[in-house]
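Good morning, and thank you for the time on today's agenda.

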Amino acid sequence: MNSDFLEWLDRQQGRQYDLHARHVNPVFVKMLRTIGFDKGYVRGEGPYLYDQAGNRYLDFLTGWGVFALGRNHPKVRAILEQVLSREMPNLVRMECSLLAGLVAEKLTSYTASARGAGGLSRVFFTNSGTESVETAIKFARCATEKPRILYCENAFHGLTMGSLSLNGAEFFRERFGDLMPGTEPVKFNDLCSLEKALHRRDVAAFVIEAVQGKSCKVVADGYLAEAQRLCRKAGALLVMDEVQCGLGRTGKWFAYQHWPEAAPDIVCVAKALSGGYVPVGAVITTPKIMDAVFDSMERCVVHSNTFGQNDLAMAAALATLHVMEEERIVENAAVLGEYAIASLAELGRSCPFVDEVRGKGLMFGIDFKRPEHSLKLKAAWDTLHTLNFGVFSQMITVPLLQEHRILTQVAGYHTEVIKMLPPLNVTRADIDRFLEAMRSVLEEIQRVPGAAWSTMAAMARGVVRAQMESSVTPAAR
Ligand code: PMP
């Protein structure tokens, strides 16, 4: 294996689904096989994936948003190769890493705001989005000495116990026992609900995504500033979870910056920070909050992690941010995002299944609904939903992949939203290719009876069957 690892790996191709069915997650394999997503991708370049037969797929899922620069950006890779070829000291722990200092300097240059020197000028490095959120929870409780954490209905902040306690969907929360005490949902975009929850002045933080990952809902104009004012009045911190919507995704470095009057106390990032190469995350906050946590030499690493600040993650982050600046990626996301959302909304207007197209920049989704007028379409929708809720969205994602070779995904569970997260350096030609494919798929689903509906009904029946099998024969999994 050592002499030529890649040759060896090529010879293993085709084994992945069987290996995963045996050793990793058989139900996931079953799901992929049921919807025909069990491809064998062998290469990724920019916005494209290639399978063994050489077919090219346009990736509008980007590894759940990590490949902001597409896959294997040559400049980021060249920098990582340089780092790997040098015998770097890496993770000495009892020293300060130059690379981490440089990433912190760069990151905080994007958060320098109206607050000036007291602003978001300190960084704690993590290894994932959920760890960033866990860190924010701890920092907020420590700095305010208050217990409660508020979050929004339908929010997603990660799946470890702390961040799961801030999850706005019962689907994710149920079955895992007692979650963190003192956490409470408020209605998204509803200031009265927030004000009521803050009333007792015992809230450490209100954690919110400016664009919700699970629904693509966007905070209303003026909401964040007012939420911030209410939080300040109650002595609570405003935490922006920018794990998905941050780092250029919405056409600004951070999504909250679309509303300049908002000046959060803590910003969580991860995903795109390393360009998808290495797990990484960061929490950007104020000196006051950081100093409250690390308040003595004894406590100088009272919150920490083993792999944080590792050289590969830090080099990948520096390289990614450098390329984002050099190639004006954030501007591209703003311009093409606006174009994509407006064009998709236009397409949606002629499809009775489309409820709303929404999002910000290159984070946008389509919410589907039961049609209002046509009896035939209503009946088709109802039939499918009696079989399986959520399968309707697969009527979009499946033909997008199988017929148009575009990879997308349903945005949550028990919702009918599909979300698009193209690379931020996507071209207008690829957005147009996606729009053309969507036009064709939206037209096809209006043909009832038609091939799309019978395929989906058969698939939904397959899903029901597979679910029954997996729930009655757990030992076989
Ligand atoms: N916050 C948000 C807004 C996210 O979208 C995600 C991941 N989808 C997370 C937190 C958790 O990130 P990770 O999967 O890296 O733990």
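I will begin with the overall dimensions, turn to one helix, and then take up the surface, the salt bridges and a single serine.

Please keep in mind that what you see is a predicted model. The protein contains 18 helices and 15 strands. Its C-alpha atoms occupy a box of roughly 70 × 65 × 50 Å along the principal axes. How does the radius of gyration compare with that of a compact globule? For 477 residues, such a globule would come out near 23 Å, and the protein has 23 Å, so the two agree. Of these 477 residues, 53% count as buried.

Let me now direct your attention to helix α7, which covers residues 129-144. This helix has 16 residues, and the distance from its first C-alpha to its last is 23 Å, close to the 22 Å expected at 1.5 Å a residue.

At the start, Ser128 places a side-chain oxygen within 3.2 Å of the backbone nitrogen of Glu131. Just after the helix, Glu145 adopts a positive phi of about 55 degrees.

From there we move to the surface. Met1, Phe5, Leu6 and Leu9 make up a nonpolar patch, and together they present about 400 Å² of accessible area. Met1 lies in the segment before α1, the helix of residues 5-12. Is Met1 buried or exposed? Its relative accessible area is 55%, and the threshold for exposed is over 50%, so Met1 counts as exposed.

The next topic is charge pairing. The structure holds 21 salt bridges, and I have selected a few. In one of them, Arg43 pairs with Glu45, with 3.1 Å between the closest N and O atoms. Both partners are partly exposed: Arg43 has a relative accessibility of 43%, and Glu45 has 42%.

A second pair joins Arg370 and Asp382, whose closest N and O atoms are 2.8 Å apart. This pair links distant parts of the chain, twelve residues apart: Arg370 sits in the loop between β12 (363-368) and α15 (375-387), whereas Asp382 belongs to helix α15. Arg370 is partly exposed at 39%, and Asp382 is likewise partly exposed, at 31%.

I will finish with Ser165. Where is this residue placed? Ser165 is in the loop between α8 (161-164) and α9 (170-173). With a relative accessibility of 0%, Ser165 counts as buried. What does its side chain reach? The side chain of Ser165 comes to 2.6 Å from the backbone oxygen of Met161.

That concludes the presentation, and I thank you for your attention.

Notes:
Residues are numbered from 1 along each chain as its sequence is written. This is a predicted model: local features need pLDDT of at least 70, side-chain atom pairs count only at pLDDT 80 or more; totals for chains, interfaces and linings use all residues. Side-chain values use heavy atoms; hydrogens and water are left out. Helices (H or I, at least four residues) and strands (E, at least two) are DSSP runs, numbered from the N terminus. The expected span of a helix is 1.5 Å times one less than its number of residues. A polar contact is a pair of N or O atoms within 3.5 Å; within protein, one must be able to donate a hydrogen and the other to accept it, and residues adjacent in sequence count only if both atoms are side-chain atoms. Patches are made of residues with over 30% relative accessible area and no salt bridge: like charges are joined within 9 Å, nonpolar side chains (Val, Leu, Ile, Met, Phe, Trp, Tyr) within 5 Å. Accessible areas come from the Shrake-Rupley method with a 1.4 Å probe; for residues, only the protein chains shown count as cover. A salt bridge is a side-chain nitrogen of Lys or Arg within 4 Å of a carboxyl oxygen of Asp or Glu. Buried means under 20% relative accessible area, exposed over 50%, partly exposed in between (1.4 Å probe, protein chains only). The radius of gyration is taken over C-alpha atoms; the globule rule is 2.2 Å times the number of residues to the power 0.38.
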